[in-house]
Amino acid sequence: MASTLTISPAIPITAITTISQFPENPRSLLLQQCKTTKDLTQIHAHLIKTRLVLNPAIAENLLESAAILLPNAMDYASSIFREMDEPDSSAYNIMIRGHIYKQSLIRLVEVGRLVFDGMSERGVVAWNSMIAGYTKSGCWEEVVKLFCRMRELGVGFDEVTLISVLTACGRLADLELGEWIREHIEANGLKKNLLLMTSLVDMYAKCGEVDTARRLFDQMDRRDVVAWSAMISGYSQANRCREALDLFHEMQKTNVEPNEVTMVSVLYACAVLGALETGKWVHFYIKKKKMKLTVTLGTALIDFYANTDSSLASNGQGKRALDFFYLMREKNIEPNDVTFLVALVACSHAGLVDEGRSLFVSMSKDFGMEPRIEHYGCSQNVEIGEESFRCITRLEPAHSGDYILLSNIYASVGRREDALRVRCQMLEKGIKKPPGGSLIELDGVVHEFFSEDDGHAHLKEIYSAIADMIKQIKSAGYVPNPADARLDAEEDDTEASVSHHSEKLAIAFGLIRTPPGTTIRISKNLRVCTDCHNATKVISKVYNREIVVRDRNRFHHFKEGSCSCNDYW
């Protein structure tokens, strides 16, 4: 059923087309603002995408952040070190310092524990100090063990204790202990403690109990920015992004100003929903309030624009990416599994089947690397698709996407019985396919459509527009592809089935609700089908529109009858 979500910014939206670039040498950004492992992984991903990670000086900055600045990131530092082509003495020195520093921190906590264990009398302050030490070092299991020991010994604890333990419960997904703490809070009349209740909300959200977290959030007498951010973040982490934006809209009506955590969660939700204008408003708000652009916030902005603005996305540059791979080999730079993944994706996008097969074989034969699921996922034809499916199911239990991909491969070559057989296997195994949906944001409202939708408020107008649109693109050469119809559709119903796919409904709605020449932007939760891809190319030419579709794999930038993916996706 179609639905809408209204976002009403309190500040007029200002067009923003670019964002600040990361510095060429991001040392200060890394060393001063990299506060968590998540910050580190985000900046690492950016450096990989921009190939700056191949610069030894920058790689050493990244290595220093992981090895020295962050707790519990030594394994990550080791993985960075192993990927460096020829680490010099500076890199080795960083690793040595990192190991010494980490051991020093661990030793400090260990020494503290020895002192703690030797105390003849230990009050709640001593217990809280020891728990705080474990919390600071990220030893979440020790936090829980120490709290359980307190209970066994009958030692009294206070709200400070519970806040730390709830944080550990969220990190460990220890819902059972979290539930016990909730019962204790209710039984002892502690629900007025804002920090404690916020920690409880955060714990439930991190444990996946988002609805329980929301009920507790709604019961709070007072909610500060930390409470709002915890709940919005909970929705975003659970990929309930429409509810995250809806709650942010409620927050805007209060006198509570959002902070960095709020903005990061909202930007993530905007990226998933393709809510470009709303995300641009968030960026404008960040600039107006002069919020400090940390690694986390800066990367969230980059990811948002990369996922909603095709100008920052890959636009069919497969051959150039492959040329870069060969240039690396000429310079004797050893590829890793990520390098091969990028090269295989490039082959897929450029239609270089033979080159892709050769690289896939070379990966294990010449470099001794075991292909991962992502590498198998780059395969396109029937033979490779079948082998990939077998390999994937050996690595881990298959999910709906694996079955759907194989079914679609069969359908694309006319093997409808095999396609139907794969779908039946899904039903037998109880594997459910998520419904295909498409989103379009118009005037601050996110509209969602599903295939053969019958629940939108403007249903009659949309289906009338669909009929007219199909008629016009047929006259321009479009031929419906019955292979993309519902497998259970009758033969005379296949054309109607493909005509009413969710992205076609969203595009038709965009055509009738935006001025001529306006770019139409669609976000889709599944891979765009062949019929919709062909249809959208013709629509872009007939209606003289640029149409940007972001499916689960990539951006498709349709213009004047062509697509940026060169018909390989």
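Helix 3 passes helix 4 in a left-handed crossing, and the crossing of helix 14 and helix 15 is left-handed as well. Both pairs are taken from a predicted model. Here is a friendly walk through how each pair packs and which residues meet.

**Helix 3 with helix 4**

- Helix 3 covers residues 56-69 and helix 4 covers residues 74-83; their axes lie 8 Å apart, at an angle of about 160°.
- Because angles over 145 degrees count as roughly antiparallel, helix 3 is roughly antiparallel to helix 4.
- On the helix 3 side, the contact is formed by Ala-59, Leu-62, Leu-63, Ala-66 and Ala-67.
- Helix 4 brings Met-74, Tyr-76, Ala-77, Ile-80 and Phe-81 to this contact.
- Sorted by class, the contact of helix 3 with helix 4 has 10 nonpolar residues, with no polar and no charged ones.

**Helix 14 with helix 15**

- Helix 14 spans residues 260-273 and helix 15 spans residues 276-288; the two axes cross at roughly 155° and come within 9 Å.
- That angle makes helix 14 roughly antiparallel to helix 15.
- From helix 14, the residues in contact are Met-263, Val-266, Leu-267 and Cys-270.
- They meet Thr-278, Gly-279, Val-282, Tyr-285 and Ile-286 of helix 15.
- The contact of helix 14 with helix 15 divides into 7 nonpolar and 2 polar residues, with no charged ones.

How values were computed: Residues are numbered from 1 along each chain as its sequence is written. This is a predicted model: local features need pLDDT of at least 70, side-chain atom pairs count only at pLDDT 80 or more; totals for chains, interfaces and linings use all residues. Side-chain values use heavy atoms; hydrogens and water are left out. Axes are lines fitted to C-alpha atoms, for helices over the stretch in contact, and angles run from 0 to 180 degrees between N-to-C directions. Helices (H or I, at least four residues) and strands (E, at least two) are DSSP runs, numbered from the N terminus. Angles under 35 degrees count as roughly parallel, over 145 as roughly antiparallel, 65 to 115 as roughly perpendicular and the rest as oblique. A crossing is left-handed if the near helix is turned anticlockwise from the far one by less than a right angle, and right-handed if clockwise. Contact means heavy atoms within 4.5 Å. Ala, Val, Leu, Ile, Met, Phe, Trp, Tyr, Cys and Pro count as nonpolar, Asp, Glu, Lys and Arg as charged, and the others, Gly among them, as polar.
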